[in-house]
Amino acid sequence: MAPCRPIGAGCEPVGTLGRSASARLSLRAGAALVPRLMLPIVYHPAYSAEIPTEHRFPMGKYRRLAEILVEEGVVAAGDLLRPEPASFEQLSRVHAAEYVRQTFDLAIPRAIEREIGLPMTASVVARARAAAGGTVLTARLALERGLACNTAGGSHHAGPLHGAGFCTYNDVAVAARALLDDDSVSRILVVDLDVHQGDGTAFIFADEPRVFTFSMHGEKNYPLRRATSDLDIDLPDGMEDDAYLARLADVLPGLVDRVRPDLVFYNAGVDPHREDRLGRLALSDEGLGARDAFVLRTCLGKGRPVAGVIGGGYDRDVERVARRHAILHRTASGFIGRRRPV
C-alpha cells in the first residue's frame with residue numbers, strides 16, 4: 001500500500017478492527033488514497049467503550065454503524081479514516097483544565113460522574129478523546145473535500161466546566177476552537193438538530209462572535225437548565241415530519257446567507273425519531289432522511305462545507321439505532337461532488 005498523506009489532525013497508521021459476522025473494517029491513515037468521489041468517513045475502534053451491558057446508553061451503535069456503512073457500500077472496506085485522540089491541550093481550550101486533568105487521571109468527582117451518566121473509566125475517557133479527535137479530523141476533511149462525516153460526535157451537553165448528559169467532552173467545540181486558533185476558518189455555524197438543546201456548545205461559545213450556534217430541539221426535553229444559543233427553536237411534543245421540515249425550511253436558508261460560515265458543523269441526532277426512548281418528537285426514517293438532505297442541500301448549495309456528526313439516538317436495539325444513524329452518511333454520500341464554490 002502506498003503511504004497516505006495525513007490531512008489536518010495527525011492520523012495513526014493503518015490498522016484493522018477485526019472481523020464481525022458481516023464485515024471487516026480496516027482503517028486508513030489519511031485521505032489521500034480515498035477516491036475523490038467517495039464520502040470521507042471517520043471512525044476509531046475506541047468509539048465503542050466498555051460499559052455495563054445493562055446501561056441505557058447504546059454504546060455498541062458506533063461499531064455497528066461503521067459495519068453497516070461498509071455492508072451498504074457507503075464506504076469501501078479499508079477506507080474508514082482513523083483519527084488521533086484529542087490532546088490535553090486541545091481539550092483544555094474549551095473545557096476547564098482542572099476538569100480535563102481529572103478525566104485523564106480518572107479522578108472525576110462523583111457528582112460530575114453522575115451528571116455525565118457514564119462510568120468514568122479509562123475506556124470511556126479514551127472513547128471521548130477519540131470522538132473529539134474524530135470531529136477535528138472530520139472538520140479538516142470537510143474544509144478540503146466540501147463534506148465529511150464522523151461516525152461519532154455531537155456530544156453537545158459538555159460545557160466549559162465539565163461534562164453532562166452522556167457527554168464527556170464537547171467534540172464540536174474542540175474542533176471549532178482548533179480551526180479558529182490556527183486560522184483555518186473565521187466564521188463557523190453550528191446546526192444542531194439533536195432533539196435535546198445543544199446547551200454545552202452554547203455556553204462554550206456564548207462570548208465567541210465567530211461561532212453562531214443554532215439549536216432546534218424539543219421544548220420539554222433535557223436539559224432542564226437551558227443555555228441561550230444564538231438561535232433556539234423549541235418544538236412541541238409529537239411534532240411529525242411535515243411540520244418539522246417546514247419549520248426548518250423557514251429558518252435555515254436565510255441563516256446560512258446571514259452567517260456566511262466558512263464551515264458548518266451539522267449535528268444529525270436521530271433522537272427526534274418517533275420510536276426514540278428519549279425523544280418526544282415523531283419523525284420517521286423518511287423524515288430524518290429528508291431533514292439531512294435539506295440541511296446538506298442548503299449548505300452545500302450555497303458553497304458552505306459541512307462536517308457531520310451523529311448526535312444522540314437511544315434505542316435498546318443497537319441495530320435499529322445504528323441504521324437510523326446511517327441515514328446521515330447514506331444521504332451525504334449522494335452529495336459528493338455537488339458542492340458549488342462560494
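A pocket, on a 1 Å grid over the protein atoms alone, is an open set of points where a 1.4 Å probe fits, with protein on both sides within 12 Å along at least five of seven lines; lining residues have an atom within 4 Å of a point. This is a predicted model, where local features need pLDDT of at least 70, side-chain atom pairs count only at pLDDT 80 or more, and totals for chains, interfaces and linings use all residues. Residues are numbered from 1 along each chain as its sequence is written, and side-chain values use heavy atoms, with hydrogens and water left out.

Q: Which residues lie nearest the centre of the second largest pocket?
A: They're Arg 56, Gly 165, Phe 166, Tyr 222 and Leu 278, out of 13 lining residues.

Q: How do the lining residues of the largest pocket divide?
A: You get 8 nonpolar, 4 polar and 3 charged. Ala, Val, Leu, Ile, Met, Phe, Trp, Tyr, Cys and Pro count as nonpolar, Asp, Glu, Lys and Arg as charged, and the others, Gly among them, as polar.

Q: Why is Ala 130 called buried?
A: Buried means under 20% relative accessible area with a 1.4 Å probe, protein chains only. Ala 130 has 0% relative accessibility, so Ala 130 counts as buried.

Q: What does Ala 130 touch, not counting residues up to four places away in sequence?
A: Contact means heavy atoms within 4.5 Å. Ala 130 touches His 44, Ala 46, Tyr 47, Pro 83 and Pro 85. Also, the C-alpha atoms of Ala 130 and Tyr 43 are separated by 8.8 Å, though these residues are 87 apart along the chain.

Note on methods: Buried means under 20% relative accessible area, exposed over 50%, partly exposed in between (1.4 Å probe, protein chains only).
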